[in-house]
Structures are given as structure tokens and as C-alpha cells.
Amino acid sequence: MPIHEKSLIRPENLVEQDELVVDGIDVSGHWSTFITSRAVTDYNEKMQDEIAGLAGGEFIHRCWQCGSCTNACTINALNNDFNPRYWIYLIRMGMEEELLLDKDIIWQCVSCNKCTYACPRDVNPEGVMKATAHWLELKGHTPKSPSMIFDEGFSEQVFKTGKIEDGLVLRQFFAATGQKLTQTWLVSMVVGLIKRMPLTMLTRLGLATFFRPRTSNWGAARAAIDEYVSEKRNENHRLLGLDKMEDGR
Amino acid sequence: MSKKHKEVAYYPGCALEGTAQSYDRSTKAIGKALGLPIKELDNWNCCGAMEVKNIDPKLQTYLSARNLSIAEDMGFDSVMAPCNGCYHNLKKAEYDLEHDASSREITARLSNKAGHRTYKAGKVETIHALDWIKDSVGEEGIKDKVKDGLKGLKIANYYGCMYTRPRHIFPEKDQGPGSESTSKPHYMDDLLDAAGANSVEFPLKTACCGGAHTLSDSDTSTKLVLNILQAAEASGADVIATECPTCHTGLEMHQIRAEKMFGKKTKVKILYFTQLLGLAMGLSPRKVGVHENFSESLPLLREKGLG
């Protein structure tokens, strides 16, 4: 499929002579622009299968590059480099090195599902973004993203007690990412609320931090979930060949 | 008037027990005022929100299926969730359990180990608080109960992402006239207009507030929210009506954050649609938890003669 990806042209390969006359014709400036060719030889042939094997990535093979996902994308509207269509192309072609140029922003997908809504091929691009971010972390290309740290802290609480308490989620996340709870905007939010709230409500909210909400008789569900999570983790490590790496060390 | 959903199981979810107590309070208050009995699910659990699916989507299916099995055990055929996250996840579990064998297998395995009934697709219908009001009493029922009404209060109705996307998990939507639309939802507009509001033309009804990354990528969320707030003001709205605790809290929090961090001040107020319906029916601001919102709307409500 001859798809010409403008994004694949690296800025350093765009050559332009400020002053150039060829056969008596002045082609200075952009008239003389040409692209130095470069050969990509290091295709990662396993990349698509690995990402397709992770949750959310299953239908990446259906993509026919229409670009509806990028066109609909919430984050693309804020940052042009956030380009799901292009990343799906790179993954399908095995162009890992190119994908890694964008590795630090892929986790920023907000799961608004506008892409999934627009996709005419049921690729589930939102899932592909999550699978790709997960793949980058598992392979050690990126550290755990703030989003993954949040998701893990949140999920741990759900798995442990069956419910979450939002104050605790916030405090844990700020602690895990080294942020202070005294940020001006947060303080101003809480102060504004306290000023208006009756004392009984405040007492109740305070108590909620000591008597956390939980689901009763959750032990068996917790054990079943924990078992599944560890099963799944091993499965993903096997899929990405991480188990062999660990054995070899 | 349809009698559909006359008695429903109520799934408040974690947010309505926490930051969104005013949504819980106002939902219960209007249920009472409209004569719509609700019964809270016994010993429910978190639906997985937007986080558990990123650990593993099948776990989210299981968590939601457990709640659906409780509704079934309690003898209900519909469960009402006011939170878009809960509503979305229960709908998604229903879809996956119907269409995906491995979701069925994993849910059955986890349910057996956890020692409860395995939920099977088709037993319980999940509805949103909007469906609950719209299908049971409808606009006519609201008009009957309204006292002074909302006096033409200009409202931008904000529905968010999880109420409409992805389309395939909402088979009842986009079914022609009368049904809810996934591209231009109108249930909240219909109900609030029946209560005497003046819903403005608002193009960002289903835009994203960045709720999933509200804390992990705050600057992005602030930009997305600011866009929504400014669009609402440009549409002439005094109030944004919400129907999702994540959207609601996100709008409130990033309105303050946009002012403190970027110096962008907006004055539009944010209220749950249930609070607005309650006020229209003559309930006091306190009864519908206006003081529990971060957004300080009481002065505006008083000015409009609603407080």
C-alpha cells in the first residue's frame, strides 16, 4: 500500500539551498528543496502482534487508514503530534523507531471514545492507544505514566475493598507522584466549600476518611480478582517475551 | 404518559457517596417529589470507573456484572445509574456479555469463585437517571409538578462522553423521533425546558472534559474544560446543567484551576440537572444540595428568584 507519510520525513532530511542557479535558472530557496532519501531496514515485525495481543489492541489489523480517528480526536485538537491514525500505521508497518519518537505523549489519550465512534472499521482506536501505552511501559521504553500510576492506585483500592473513596484516591496519587496537596487551586476549592457547608456535613465527610466505604463479604471476590490479575500479567509477559528476559538475568 | 420504569433499582456508585453527594441527594429528592420509588442495590461494588479497564477490561465487565446480578437477585428488571461512568460500564458489560464469549467465560469464572450468581445478558436493563425521569413521568409529568419553574434560566446542557459513546453499547439510542440521539442528545434539554428553563443552543454537548486524566494530566483537562465553559458563556448560558459526577466535578475544579493557573476567569455556574428539576418543583436549594457543590451558584439562583 503506497501511503506517503509526510510525518516520516525528518526535518534534517529536507535540504534547501539558499542560493542556487541550475542551467542559468535561479532556484534559490524553497524552489531547490529536495528530500534526502533514507532506507528503513530495522522493522519490528513482532510489534503489531504484540500490541494486538494486549487488551484493546485486538482489532488494529482492520485499519484502512481513513484518518477518521485523528480527525475526531480530542487531544489532537490540542496537540497536532497526537495522531492515532499515524501511530496505527507505524505499528502495522513495524516502524518502532518512528513510534518511539512520540512515546511520551501516547498515554495522554483521555478515552473520550470519539475515535471509536467515528471509526468505520471498528478498530477501537481508543483501545489501541491504551494497548500501545501499555506496550511502551512493559517494554521499558517509557516509565509508568501518571495516568497508569493513577489507574493502578485506583484499581488496587477497588480490588481490595470493592469501592473507592475519592479523597483517598486523590491523596494517594499526589503522594505517588510527589505533588503537594497545598496547590493554590485545590486549597481555594476546599476553602470555598467549607465556608458554605453546614457543620454536620463536614463532620460526616471527615468521618468518611476513617470509616472508608467498602463492600461487605468482598474477600472471595478479591481473591478471584487477584488471581486473575496475576494470571493476566504472566500472560502479557509471555506474549512480549519478557519472561525469557527475566529468566536470563 | 408511559409507565415504564415505575420502580427501579438504584445504583449510586462511589462518586455519589463521595464528591457528588449533592447529585445523590437531589436524585432522591426529585424521585420522592415525582412519586418514583427507588431501592438502592444491596452491597454494591465499584463499577471500575474509567480506571480498571486500563488494568484489564474484562475485570470491569466482571465488576459491573456483579452489580447487575444483585439487581436481578432483588427482583428488578431495570437498574438506574445517575453517574455516566456507572451507566456506561453497566451498558458495556451488558453488550460484552451478549456478544463476547471470553467476557462470558471470565465473568462466570470470577463469579463462581466469588460465590455469587453469574449475571447473564438480557436480565436487567440499565438506564440513566435521565431515562428514568423521561420514560416514567416525561415532560408532562414535570410540568404538572412544577411550581414557579426555572423562570427562563438560560442553561447549556452538557452530556459528556460516556452517555453517548461508543454508539454500539446504546442500542436504544438513535432510533428515530423521540429516542435519544448520540450525536445531539436532548433528554436533559427536554426535561429542563419542561421545567421552565430556556436551553440554549450549545455545540459542545458531548465534548470531552478530560475527566479520565483530571489529576494525571491536569493542564490538558483544564484546557478542555475551559473550552466548554467559554463555549457555554458564548452561547448565552448562565448555568451548565450536568448529568455526570466526573464531568460536574471536573468542570468545577478546572474552572477554579483555570483561574488560578492561567488567569482565565469564567462565571457560568454548574448544577446537576436533578438539582435544577428539584428547584423548579419548589424544593429548597438546601434540599437539593446546592451548598455541597464547589460551584457557588446560590447568589445567581437568588438573583433569578430561584433560591
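**Figure 1. Helix α3 of chain A and its packing partners.** In this predicted model, the buried residues of α3(A) pack against α1 (47-53), α2 (68-72), α4 (96-100), α5 (114-118) and α6 (125-138) of chain A. Helices here are DSSP runs of H or I with at least four residues, strands are runs of E with at least two, and both are numbered from the N terminus. Buried means that 20 or more other C-beta atoms lie within 10 Å of a residue's own, exposed means 12 or fewer, and partly exposed is in between, with C-beta atoms placed from the backbone. Nine of the 10 residues of α3(A) (residues 84-93) are buried, so the rest of the structure largely encloses this helix. Among them are A:Trp87, A:Tyr89 and A:Met93. Just after the helix, A:Gly94 takes a positive phi of about 80°.

A quick note on reading the labels: residues are numbered from 1 along each chain as its sequence is written, while chains are lettered from A and ligands numbered from 1 in the order in which they are written. As for what gets shown, local features need pLDDT of at least 70 and side-chain atom pairs count only at pLDDT 80 or more, but totals for chains, interfaces and linings use all residues.

**Figure 2. Chain A from end to end.** Chain A has 12 helices and four strands. Its radius of gyration, taken over C-alpha atoms, is 25 Å, well over the 18 Å that the globule rule gives for 249 residues, so chain A is more spread out than a compact globule. That rule is 2.2 Å times the number of residues to the power 0.38. The C-alpha atoms of chain A fill a box of roughly 90 × 50 × 40 Å along the principal axes. The domain assignment, which is automatic or from a database, gives domain 1 (6-35), domain 2 (47-138) and domain 3 (146-229). Between domain 2 and domain 3 of chain A, the C-alpha centres lie 31 Å apart.

**Figure 3. Where chain A meets chain B.** Here 48 residues of chain A are in contact with 46 residues of chain B, a contact being two C-beta atoms, placed from the backbone, within 7 Å. On the chain A side, the elements giving two or more residues are α5, α7 (146-161), α8 (166-176), α9 (184-196) and α11 (219-239).

**Figure 4. The largest nonpolar core.** This core has 139 residues, and B:Val79 and B:Leu276 have the most contacts inside it. A nonpolar core is a set of buried Ala, Val, Leu, Ile, Met, Phe, Trp, Tyr and Cys residues joined through C-beta atoms within 7 Å. Leaving aside neighbours within four places in sequence, the contacts of B:Leu276 include B:Leu150, B:Leu192 and B:Ala241. Apart from this core lies another, of five residues, including A:Leu193 and B:Phe294.

Figure 5. Most residues other than glycine have a negative phi, and most peptide bonds are trans. A:Asp23 has a positive phi near 50° and sits in the loop between β2 (21-22) and β3 (25-26) of chain A. With 5 C-beta neighbours inside 10 Å, A:Asp23 counts as exposed. B:Lys151 also has a positive phi, near 50°, in the loop between α8 (138-145) and β5 of chain B. B:Lys151 is partly exposed, with 13 other C-beta atoms within 10 Å. Then there's the peptide bond from B:Arg165 to B:Pro166, which is cis, with omega near -10°. B:Pro166 is found in the loop between β5 (154-158) and α9 (187-194) of chain B.
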